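I opened the model today and went through it piece by piece. My notes follow in the order I looked things up.

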Amino acid sequence: MKTAHFSRLSVAMGLCAASFLAPAADPAANPTTDSNTAKASAIFAGGCFWCIEADFEKLPGVIEAESGYTAGKTPNPTYETVSAGSTGHTEAVRVFYDPNRVSYAQLVEYFWRHIDPTVKDRQFCDVGSQYRSGIYWQGEVEQKVAEASRDALLKSARFPVIHTEVLPATTFWPAEEYHQDYYKKNPLRYGYYRTSCGRDARVKQVWQEKN
């Protein structure tokens, strides 16, 4: 494990003991639609799931984001096994959104602007394949949108290479309850981690407008 991971793990182990979340959704569950709000899901990996969850929950039209693990080979992964880099998973979020308010294409564009797509097997201070970035499409429509967005970004010549993988979605395993809404439960620890990791500074540098 890298030093950066040890730093984040120590933050995680210092969690407030009192927290409550509704039971995690079935990992194999499909997006649902109810009588009040249209509800679809999308899966992204952008490094630390605490951070990318917090970012997506700021976007109008997003109902909630759920931290978890995906694109791996081992069933029932845990934070410890994923962090060790032995399961093949990456930290990810499953975003539940109202497609009447925000489109999948808008989610993809928003995602790009909150990660560093130029690095392989890392995001910011977190290093390892478990922090690789990715867009995991569910169905042909999402595939076309995600691939077209990546190709357009490459064609723009903003970046010489993009390491963010664009692959079909596999099982999404919700992370442990204490990881969900970490930024709300532990704002001081979360803020310290995010700042010390340099996430926002690097995003600003990567996405600043070119002259």
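Where is Asp121 found? I traced Asp121 to the loop between α4 and β4 (122-123). Helices here are DSSP runs of H or I with at least four residues, strands are runs of E with at least two, and both are numbered from the N terminus.

Ground rules before going on. This is a predicted model, in which local features need pLDDT of at least 70, side-chain atom pairs count only at pLDDT 80 or more, and totals for chains, interfaces and linings use all residues. Residues are numbered from 1 along each chain as its sequence is written, and side-chain values use heavy atoms, with hydrogens and water left out.

**Entry: two positive phi values**

I checked the backbone at Asp121. Its phi is positive, about 55°, although Asp121 is not a glycine. Most residues other than glycine have a negative phi. Asp121 counts as partly exposed because its relative accessibility is 30%. The cut-offs I used: buried is under 20% relative accessible area, exposed is over 50%, and partly exposed is in between, with a 1.4 Å probe and protein chains only.

I then went to Phe124, in the loop between β4 and β5 (126-127). Phe124 is not a glycine either, and has a positive phi of about 60°. Phe124 is buried, at a relative accessible area of 9%.

**Entry: α2 against α4**

Two packed helices are described by the angle between their axes and the distance between the axes. I looked up both. The axes of α2 (residues 49-56) and α4 (residues 104-112) come within 11 Å and cross at roughly 130°. Axes are lines fitted to C-alpha atoms, for helices over the stretch in contact, and angles run from 0 to 180 degrees between N-to-C directions. α2 and α4 are therefore oblique to each other. Under 35 degrees would count as roughly parallel, over 145 as roughly antiparallel, 65 to 115 as roughly perpendicular, and the rest as oblique.

Which residues meet? Ile52, Asp55 and Phe56 in α2 meet Leu107, Tyr110 and Phe111 in α4. The residues of this contact divide into 5 nonpolar, no polar and 1 charged. Contact means heavy atoms within 4.5 Å. Nonpolar covers Ala, Val, Leu, Ile, Met, Phe, Trp, Tyr, Cys and Pro; charged covers Asp, Glu, Lys and Arg; polar covers the others, Gly among them.

**Entry: strand β1**

I counted burial along β1 (residues 40-46). 7 of the 7 residues are buried, so β1 is largely enclosed by the rest of the structure. Ala40, Ala42, Phe44 and Gly46 point one way, and Ser41, Ile43 and Ala45 the other way.

β1 runs antiparallel to β3 (residues 90-97), joined by 5 bridges. Ile43 stands opposite Arg94 in β3. β1 also runs antiparallel to β6 (residues 133-137), with 4 bridges. There Ala45 stands opposite Gly134. Two strands pair if DSSP finds at least two bridges between them.

**Entry: strand β2 and Ser67**

β2 covers residues 62-70. 7 of its 9 residues are buried, so β2 is largely enclosed by the rest of the structure. I found 8 bridges joining β2 to β3, antiparallel. Glu64 has Phe96 as its bridge partner in β3. Another 2 bridges join β2 to β8 (residues 173-174), again antiparallel. Gly68 stands opposite Pro174 in β8.

Ser67 is in β2. Ser67 counts as buried, at 0% relative accessibility. Leaving aside neighbours within four places in sequence, its contacts include Trp50, Glu53, Val93, Phe172 and His179.
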